[in-house]
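Welcome, and thank you for taking a look at this structure. Let us walk through it together, one piece at a time.

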Amino acid sequence: MRRHRWTDWILLVFPREFRDAHRTEVRDFVESALADVNPAGRAWATFAIVLDLLRAGIRLRLRPARLRASGTSPREEREGWTASTAHDVRLAVRGLSRSAGFSFVVVMTLALGVGLNTALFSVVNAVLLRPLGYEEPDRLAYLTATLPKKEIEDLLLSGGDLSDLRQVAAFETVEGIARIRQNLNGAGLPRQVAVGWVSGGFLEMFGVVAELGRLHREDDPPGMVVLSHGMWTDAFGADPDALGASVQLDGYPYTIIGVLPHDFVLHFPPRGGANPDIDLWKNPDEFWQNGAIWSAQGPEFGLIRTVARLRDGASFEDAQDGVDVVVADLRARFPDFEADDFRISVDGLRARVVEEVRPTLTLLLGAVSLVLIIACANVANLLLVRGQGRRREMALRLALGSTRGRVGRYLMIESLLLSVAGTGLGLTVAAWFVTAVPRFAPPELPLVDFVGVDGVVLSFAIGASLFVTLLVGVLPALAAVRTDPAAELGNGRATGVRGTGLRRGLVVAQLALSIVLLVGAGLLTSSVVRLQRVDTGFDASNVYTFGVSIPGSQYGWPEEANAYYREVEARVAALPGVESAGVVWPMPFAGGWGGEHEISEGEPIPLGLVSYRLATESYFPTVRIPLSEGRLFREGDPTHVIVVSRGVAERTWPGRAAVGRSLRANPWGRGMEDFEVIGVVGDIRGLDLRASPEGTLYFDARSWSWVDWEVHVLARTSVTEAALLPALRAVLAEIDDAVPLAHPAPLEDALRLQSASTRFVLVLLGGFAATAGLLAVVGLYGVISYSVGLRSREFGVRIALGSARWGILAMVIKDGGKLTLAGLVLGLAGAWVLAGFLDALLFEVTATDPSTYLVVAILLAVCSGIASWIPAWRVSRVNAVEALRAN
Amino acid sequence: MPTSRNPRDLLTPAALHILLSLAGEELHGYAIKHAVEDRTRGKMSLGPGTLYEAVHRMAADGWIEEVESGGRRRVYRITSAGLQILDDELQRLDEIVTYARRADLLPRAT
């Protein structure tokens, strides 16, 4: 059962004797109660329990269970303190509910400030702070191989490399994993599964214990699979008899030896996109086409990513030194490695998993802390205003014999009450956010499943709100304590307006900070709009896609594979409502494939890296990539013909026709081969929306169709997914009922994912900026209407003496305008300096884009104008006589 | 501040329901929560704070006591003092209901 350590923290609210008596019971209760609700409701249940515990704890503190007999023990004094505090609390509650408007604004401000900060912190906590749930996770290292000269990051290694790395003394174990997709049969419907093809000790290295059966062992014979918990539940209905059952992967038999616990997830650094969760784990075997990759004498061809556990006491530096020796040896043995400056770096697994998102999260944390500062300023302002109005009340209390300490304490209690209410509401905001995160987080955000309100997050929320309360609650308390009753009460009407400068300064700061955030949100908005308008070179609308992979054990290639894909294509195209269908690998935004190309006439001239794609002729019309020269593939073509994209043609043969010329490429890893160009098609962006269109070589699927590897089938259709999907499944089942349909989705989904992380940041930053702007404008409104209120007598006199009402209006608006202008200048300058942090997320917009700054300035100026116009208009309507009499 | 206390001050709805649950059988905390939920058809759900606050107070006042049990969970039972309090409270409620019926504020029992 999961431990909820935060209960121990909350129990601190209770009196000691209660804690001693009921600690274990409360803990058990919380665990049972949370285990009884489904995961979706857990955040709310947690919140309700926390609130209930806090309320009960405070009640017990204020009304002790046993009123002790009076005596002289210090306990009695404490009782007195408790009683008088309780009295003050009741007074404060009454006082605050009398000024409901004030309390409402303060509580909402705190709720937004604390809530947004807690919400974001819950993400930061899960992703950046919380340890990975493995045994001694700090000793896990990820080995990243790179070929800097070829700009290849996280190169996949071979079995030979793995066994070399195992020689490094600083490592206890070095294990490898190849992530592949295979067809699973023998467990209900055929399905494509994500397979972790791992060396024998891989799972054990993470300290995972099988929930059922066992893990792999180093000396296991090939053909052993361990199921993920999800797979076991989905495909086997969580039947314990699955153990020992036989299944087929791509037609070969495997035996199920174990099931992993439900909470085991492999967190892995992203490599060209997020890592899907692994459905089943198999040990090395030679069945698959590249089975030899695990052999120490295997081909140089690599498919393995490596993780190592450091020996106890060894440091990452020791490991790096050891790895450098292995690398030097490899470079000596393989001239290609030497030429490409091959390296392997040893990093903590966790650091590598979150490497890409760390800057973004840090940025957001910075942004949200600005919201907290603005909220602080707002609350401080409101409390100061209220304190100003109550100086007489405080003076009266002092004059009537209250001590300064007691008055100060009373004011602190008021602030604390506001802060408790604000925190409670803020936690509600955070709890809502936490349930929403997994739905709108981009797939690149790792560890998102762990986002939740736990003890650390709760402490953060309470800490943040205590910080606010102490910071802003102390000010009015101190001001009140310093009150001189004689002066205050003697002078019937306090005219001095102290702290005006401070308040005006706070408002300027709020406006400035909110402008920084608004500019950031504005820049991101234009980026997202532009990203969505990028011309990809193909038409993704109304295109539905799925993956299909046929086993090499049943199909020969290329002929049988080609025949299979052609048949799928033809039958899909024949479905009612389908306009056309094509086969391609990889489809746009579904991974990359590429290699060198060079001019082959005369002396070969290398032209660098280019995208490769395998396609049928009907792929092009299906996604509406235009043919501009020559023709597409057709029946009877020789094997070595290619279609090139316009960019390749223009770079290679500028100003000359490309058709009929010849180009060398190495799509099959057998060395450079000559291909005849038969056609030129449009360029597309299919790897990265932000990059310029990539040059592409299209190879004829007829000659090169492959097996044991997924290809993508695309259909242009306006039929809905619900109607189309069963038809597509039926098509596959008719041709070969052992071949599953994999990850069906509209092509537009893949496109949308391209801007997912920018949109995620935009949603958050936009929310923060909107909150900040709102708070700042409310703050401005508060200050203007307060100062107008103080000067109503003066305005009354002015009007009585014949001042024009519009003159008064102008005077007040000018006052607000001055503050706004100061805020604008400071804020725009601050944004200018800080917007550079957004650079990585911006697209076709510079961090200093003048139009964004202008729009934000106008927006804020207008809102501020309205905020000062309202009180100005109100005061300009005053009846001079009434204004004079009222005061 | 009043220093003497009227037992009824403490008879919060939570306390009343806990006493009602314990009147029939000996239960541990989480079982009390379930008993109350069953009896009120989910209308009243006790949180851990509310439940143990009441348990703590009532144990201190001798209305309920812990049963010596070998299990890990602590089991409570109602004392004769607790039964008395419960009885008084039910009487009082009954009087109120009877009055309300007589005054036609409530439909008469069938």
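This is a predicted model: local features need pLDDT of at least 70, side-chain atom pairs count only at pLDDT 80 or more; totals for chains, interfaces and linings use all residues.

Chain B has 110 residues, and 43% of them count as buried. Its secondary structure is made of four helices and three strands. If you follow chain B from the N terminus, the elements come in the order α-β-α-α-β-β-α.

Let us turn to the strands. Strands of a sheet pair through backbone hydrogen bonds, and they can do this in a parallel or an antiparallel way. In chain B, the three strands form an open sheet with antiparallel pairing, and their order across the sheet is 1-3-2. Strand 1 (27-28) and strand 2 (64-67) of chain B are at the edges with a single partner strand each, so one side of each has no neighbour in the sheet.

Now look at the two pairings one by one. Strand 1 of chain B is joined to strand 3 (residues 75-78) of chain B by two bridges, in the antiparallel sense. Here you can find B:His28, whose bridge partner in strand 3 of chain B is B:Val75. On the other pairing, strand 2 of chain B meets strand 3 of chain B over four bridges, again in the antiparallel sense. There, B:Glu65 stands opposite B:Arg77 of strand 3 of chain B.

What lies across these strands? Helix 1 (residues 13-24) of chain B does, spanning strand 1, strand 2 and strand 3 of chain B, and it runs at about 90 degrees to strand 3 of chain B. Helix 1 of chain B also has a helix to meet: its axis and that of helix 4 (residues 80-102) of chain B come within 10 Å and cross at roughly 115 degrees. The crossing of helix 1 of chain B with helix 4 of chain B is left-handed. From helix 1 of chain B, the residues B:Leu16, B:Leu19, B:Leu20 and B:Ala23 take part, and they meet residues of helix 4 of chain B including B:Ile85, B:Leu86 and B:Glu89. Sorted by class, the residues of this contact between helix 1 and helix 4 of chain B are eight nonpolar, one polar and one charged.

Let us move on to chain A, where another helix pair is worth a visit. Helix 5 (residues 100-129) and helix 12 (residues 358-389) of chain A pack with their axes 9 Å apart, at an angle of about 160 degrees. An angle over 145 degrees counts as roughly antiparallel, and that is how helix 5 of chain A stands to helix 12 of chain A. Helix 5 of chain A passes helix 12 of chain A in a left-handed crossing. In their contact there are 21 nonpolar, five polar and two charged residues.

Leaving out residues up to four places away in sequence, A:Leu607 touches A:His597, A:Glu598, A:Ile599, A:Thr652 and A:Leu663. By contrast, A:Val225 is 382 residues from A:Leu607 along the chain, and their C-alpha atoms are separated by 44 Å.

How values were computed:
Residues are numbered from 1 along each chain as its sequence is written. Chains are lettered from A and ligands numbered from 1 in the order in which they are written. Side-chain values use heavy atoms; hydrogens and water are left out. Two strands pair if DSSP finds at least two bridges between them. Contact means heavy atoms within 4.5 Å. Axes are lines fitted to C-alpha atoms, for helices over the stretch in contact, and angles run from 0 to 180 degrees between N-to-C directions. Angles under 35 degrees count as roughly parallel, over 145 as roughly antiparallel, 65 to 115 as roughly perpendicular and the rest as oblique. A crossing is left-handed if the near helix is turned anticlockwise from the far one by less than a right angle, and right-handed if clockwise. Ala, Val, Leu, Ile, Met, Phe, Trp, Tyr, Cys and Pro count as nonpolar, Asp, Glu, Lys and Arg as charged, and the others, Gly among them, as polar. Buried means under 20% relative accessible area, exposed over 50%, partly exposed in between (1.4 Å probe, protein chains only).
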